[in-house]
Amino acid sequence: MSSLSRELVFLILQFLDEEKFKETVHKLEQESGFFFNMRYFEETVTNGEWDDVEKYLSGFTKVDDNRYSMKIFFEIRKQKYLEALDKRDRAKAVEILVKDLKVFSAFNEELFKEITQLLTLENFRDNEQLSKYGDTKSARGIMLAELKKLIEANPLFRDKLQFPSLKNSRLRTLINQSLNWQHQLCKNPKANPDIKTLFVDHTCGQPNGARAPSPVTNPLMGTVPKAGGFPPLSAHGPFQPAPAPLPTSLAGWMANPSPVPHPSASAGPMGLATANNAAAILKRPRTPPTNNPAMDYQTADSEHVLKRPRPFGISDEVNNLPVNILPVAYTGQSHGQSSYSSDDLPKTVVMSLPQGSTVRSMDFHPVQQILLLVGTNMGDIMVWDLGSRERLAIKNFKVWELASCSMALQTSLANDYLASVNRVMWSPDGTLFGVAYSKHIVHLYSYHNGDDLRNHLEIEAHVGSVNDLAFSYPNKLCVVTCGEDRFIKVWDANTGSKQYTFEGHEAPVYSVCPHHKENIQFIFSTAIDGKIKAWLYDNMGSRVDYDAPGHSSTTMAYSADGTRLFSCGTNKEGDSYIVEWNESEGAVKRTYHGLGKRSVGVVQFDTTKNRFLAAGDEFLVKFWDMDNVNLLMTTDAEGGLPASPCIRFNKEGILLAVSTNENGIKILANQEGIRLLRTMENRSFDASRVASAAVVKAPAIGTFPPANPAVGTSIGDRAAPVAAMVGMNSDNRSLVDVKPRIADESGEKSRIWKLTEINEQSQCRSLRLPDNLTAMRVSRLMYTNSGFAILALASNAVHKLWKWQRNDRNITTKATASVAPQLWQPSSGILMTNEISDTNPEDAVPCFALSKNDSYVMSASGGKVSLFNMMTFKTMTTFMPPPPAATFLAFHPQDNNIIAIGMEDSSIQIYNVRVDEVKTKLKGHQKRVTGLAFSPVLNVLVSSGADSQLCVWNTDGWEKQASKFLQVSPGQAAAPLADTRVQFHHDQIHLLAVHETQIAIFEASKLECLRQWVPREASGSITHATYSCDSQSIFVSFEDGSVGVLTASTLRSRCRINPTAYLPPNPSLRVYPLVVAAHPSEPNQFALGLTDGGVCVLEPLESEGKWGTSPPLENGAGPSSTSGAAGSDQPQR
């Protein structure tokens, strides 16, 4: 079905829902399989309408599609079975057992037997595992929570859980527009046409000599794009009443405060002197006159811009999420001037950075303008250098002192160790940054340039989620936090001691905004009930108490010069507001138009400039001039943005970071930003050199200039009201903002880059996996897609699977070199063993491929191809007996039933497993096929062979698109059947080709060679190579046992790991890696399959965080051969 036909289905679904055709709308959802209505699913499960539940699910998945689907159906049928037993309806229970649950016995026979035995019990709660089973209602609720997690994790439901963002009655609007267009074409148009049918095109009857009205004034149309402008569809009138003006009863906070009933608790040292005029800072709210000229009232024309529909079927929690907003402007401009144009905004996409998980918060370094700090929903934080496009540092979520934590936190972590990042924020001088997590904790790190990131403070700040943090300076550097427990707290950033606790909100506190006027320091706070309060650093309680526009969850921020105050928020009805406040009156000064109603995400302000506002909304970045309420412009950043992307400007406003749908970040730049990045790329500055070039001496942690600096506000990205992220930056800093420049030449010469050599086991983390089976050389090796296990195929055709178990040292169960895994086998004790042909096993070419859901492995070792169940190790089927034998296997990325099989006879067979049929044969190689890789972006299959040839095949018609032989230098004699492997880069456009004589990077569609790398002779031949999971590095193994780490973008060596670092000394036995596999989510972890049958996992030391540093591009031909480089460091073109 075409994309337009698919969109038409969504329009019909919206129409049916608006017209209350309840059964029909869910029937269409199920039959089309385009949108899974979670709300409807919840209702049917809660009501126990099991037949309807399974019927609805059948439109999206079947029992045996994958392990998630199997688990979903099993949980539903198990619940139905238990309810029948609970009602003492044995006959019904037996029927469910035989009809519904029997199917699962093939996958877990022991479990089916245990379920069957429940029939023999008087009360199934006598079974120990079911002893805590409550009543039916609670049991359904518990199961529903589990089902929702399974559905969200199931790849078959990907992109089907969220309804597109549509305006109300979109189908009616399109019909309305069509009728207007038809009326314009009338030869004799009537001024007031009478439309009686939609079945035929409209024409006006009697000629009246009138001309067709213009589209702007045409009464049929009303206000574009409002629906219902023509009479037959008058159920939706062309206009709705103009909304009431935004509430303007904001307190003026420049008069004497009045006492409030909320006391503030205080703890820790009180040494904060109160200024004499502190009382003049804030006051109680008052109601301004209704004819306030400063207020921009909304008109009927603006109503369709401000009020957008909330699509049906999306939960309230999703629709209540507000919009990301970000003000940015330019230094030296008063806000009344307009010498800047939209051309000054960063709109050109200059790079994409893969993150691996959803981006939740970002912040640019206040001094080093190309350093970007990122926090994700998996609790990871990263520092990126945009000049080199290198990830300098990464830290995963980990509680540093678990024993010191409260029991509530320990219990929460025991149930689920993961915590999302709610906010990341640099301190004003960039020597510290703070991280607020969704579970109790705040981490402060000290940053010492480059990749030197050190733990500074761990604070258990709040009970529940820490929604926001910001830095302030009442009389020393402090951190302000707020949380789900309704408190605002102030902490000493040097010692971590608590200075103040502010109490008074009646709902979770959403954001904080520290600021100062003259020498008075204060904090604004907002809660999810729409209440705004303000606090001085004293014990006198809240100084103001008023409502945000629309009672919305709101964030507040000052412009960089501290003269203008903005806020943005979204209320429970989905209405969003961006406003500027009149501080002297405590009233809304202007309301900006252009936000959609169904908003996801929250406002995000930048504090560096005084000219523009920006918001992430409706899959776009939207921009406003601060002095104009109408939308200035939008950009889609070349597509791929989520509904409400996180956005963040750097201090100068020349770079903009935007989160993407694919768990990444796009960097947008204006012309000045592009010049800056080019300069940095050409000079290959690392972070430490940038810092020295900026000539800034960072003050010691906990110290700050004695004068009260201007600490502006900056409101961060956010994904939910309970995950507020607001902070502040400084523009009037004591630090000089200097663009990076070339450092003193004599200093440069002293910084000669040197390859990182790892020679000893103490220099890295390595682990040889336990193995009690026969040791035979490892021919193939891979991590499972989840990253929880490693699968190896030995030369004797036996598979080995190692799984990491959950324990105190490895709560995430991810593969790691720090904890030994278990060599796993099912209770039956069987092994996954391939059939072997009559030929010499040494001549066989083993190969295997894993399905995307880790449920099945396809494998061959010179005999038939076998399909194994990864849970039971049972052989599901075998096919394709030799000759010819299969030599490489690859699953189609969109269909697990389609497999590309490279063959010994040089052909490639496209095979459909479900119907046991070869769809087509591809012929183009001269020797056996040794590599296959699909690109869903380019819609191609790339193959490689022992003939050193690469071929590109179009996957639509399977025609050959291009072919090229690798260029092997005359002095590099390759073996007659040397394997050539291919692997796509993360972008699915660039291709890594691996041959024993070289590594090369190609642009895949035309097979244009972009870079080539040749190893030095002393290392021996390349045995294997692979991209890291983020495609930033390439791990290369050699015949001498060493492993090289290359920077993927330049093919320059940055680290060499010698065999003495991971192998015990044994002069009589020559052991080296035959295959290397990269972890799917840890970019610095890889595994080696060895000639002696061992498997080793390697990671850098935690203190290092990564393998070496990249050589500077200006460093000529790179280090000399005496540096121990694994190969020539100068890429060849």
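The model is predicted, so local features need pLDDT of at least 70 and side-chain atom pairs count only at pLDDT 80 or more, while totals for chains, interfaces and linings use all residues. Residues are numbered from 1 along each chain as its sequence is written, and side-chain values use heavy atoms, leaving out hydrogens and water.

The chain holds 15 helices and 59 strands (DSSP runs numbered from the N terminus, with H or I over at least four residues for helices and E over at least two for strands). Of its 1133 residues, 57% are buried (under 20% relative accessible area, with exposed over 50% and partly exposed in between, using a 1.4 Å probe and protein chains only).

Helix 5 (residues 67–86) and helix 6 (residues 90–101) pack at about 165°, with axes 8 Å apart (lines fitted to C-alpha atoms over the stretch in contact, with angles from 0 to 180 degrees between N-to-C directions). Helix 5 is therefore roughly antiparallel to helix 6 (an angle over 145 degrees; under 35 is roughly parallel, 65 to 115 roughly perpendicular and the rest oblique).

Finally, D905 sits in the loop between strand 42 (895–903) and strand 43 (907–912). Its relative accessibility is 40%, so D905 counts as partly exposed.
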